[in-house]
Amino acid sequence: MIPAVTSSVNWLPDRYRLLSRIGAGGMGEVWLAEDLENSRKVAVKRLKLVGVEDGGSEADRLRFKREFLILSKLQAPGIVRAFAQGENAAGLFYTMEHVEGWPLQEYFRGGHWRKEGKDPGTGVGGPGSGEARSAITDYFSEPAALTRVWETAAEILQALAHLHAQTLVHRDL
């Protein structure tokens, strides 16, 4: 069992145990949590509270609620499942399927090598160093790596095609 985040940021209902922050964007932030009732890890998206005395603007609140409703109705490969939504003193949030992996930006900078135990030298000079660029160039000169890039791109495009067929547009891509 992974220990919970040790800070006063546990804004989730008791059903969830906050584990770590995954990332943040213009509309909110995403956290990794454990759903104690269903014994699974979930991603939790929380609306960034800005405006109207930090309760969030009404337009942002409506957009966030609509995002959950749309996501909860979608079922397709490459699109996460939405589970539940809620609101408390910390604001609006919803839970969704957590998918292990790397953000594409990190993947293309070589972060996946560290996870796979294949350190090509990126840990020494950092992602922007000549060593990292050389390692990435070497990696992408391998046919298997290029195949993986094309397969990943095809999966993303298939998910987008599904959204577009529903007359939906992904705003954060």
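How many aromatic pairs does the structure hold?

Reply: The structure holds two aromatic pairs. Rings of Phe, Tyr and Trp (its six-membered ring) pair if their centres lie within 6.5 Å, and planes under 30 degrees apart count as stacked, over 60 as edge-to-face and the rest as tilted. This is a predicted model, in which local features need pLDDT of at least 70, side-chain atom pairs count only at pLDDT 80 or more, and totals for chains, interfaces and linings use all residues. Residues are numbered from 1 along each chain as its sequence is written, and side-chain values use heavy atoms, with hydrogens and water left out.

A pair of aromatic rings is described by the distance of the centres and the angle of the planes. For phenylalanine 64 and tyrosine 94, the ring centres are 5.2 Å apart and the planes stand at 45 degrees, so the pair is tilted. This pair links distant parts of the chain, 30 residues apart: phenylalanine 64 belongs to helix H1 (residues 58-73) and tyrosine 94 to strand E5 (residues 91-97). Helices (H or I, at least four residues) and strands (E, at least two) are DSSP runs, numbered from the N terminus. Phenylalanine 64 and tyrosine 94 are both buried, where buried means under 20% relative accessible area, exposed over 50%, and partly exposed in between (1.4 Å probe, protein chains only).

The rings of phenylalanine 68 and tyrosine 94 have centres 5.4 Å apart and planes at 50 degrees, so this pair is tilted. It again links distant parts of the chain, with phenylalanine 68 in helix H1 and tyrosine 94 in strand E5, 26 residues apart. Phenylalanine 68 has 8% relative accessibility and therefore counts as buried, while tyrosine 94 is buried with a relative accessible area of 2%. Phe64, Phe68 and Tyr94 form one aromatic cluster.

An open sheet of five strands has the order E1-E2-E3-E5-E4, with antiparallel pairing; two strands pair if DSSP finds at least two bridges between them. E1 and strand E4 (82-88) stand at the edges with a single partner strand each, so one side of each is left without a neighbour in the sheet. Neighbouring strands are turned by 25 degrees against each other on average, direction ignored; the axes are lines fitted to C-alpha atoms, for helices over the stretch in contact, and angles run from 0 to 180 degrees between N-to-C directions.

Within the sheet, seven of the eight residues of strand E2 (residues 28-35) are buried, so E2 is largely enclosed by the rest of the structure. Seven bridges join E2 to strand E1 (residues 16-24), antiparallel, and eight bridges join E2 to strand E3 (residues 40-47) in the antiparallel sense. Valine 30 in E2 is the bridge partner of glycine 23 and has lysine 45 as its bridge partner in E3.

As to confidence, pLDDT is the predictor's confidence in each residue, from 0 to 100. Its mean for the protein is 77, and 68% of the residues reach 70 or more. Among the elements, E3 has the highest mean pLDDT (95) and helix H4 (residues 122-125) the lowest (41). Where pLDDT is low, the predicted coordinates should not be read in detail.
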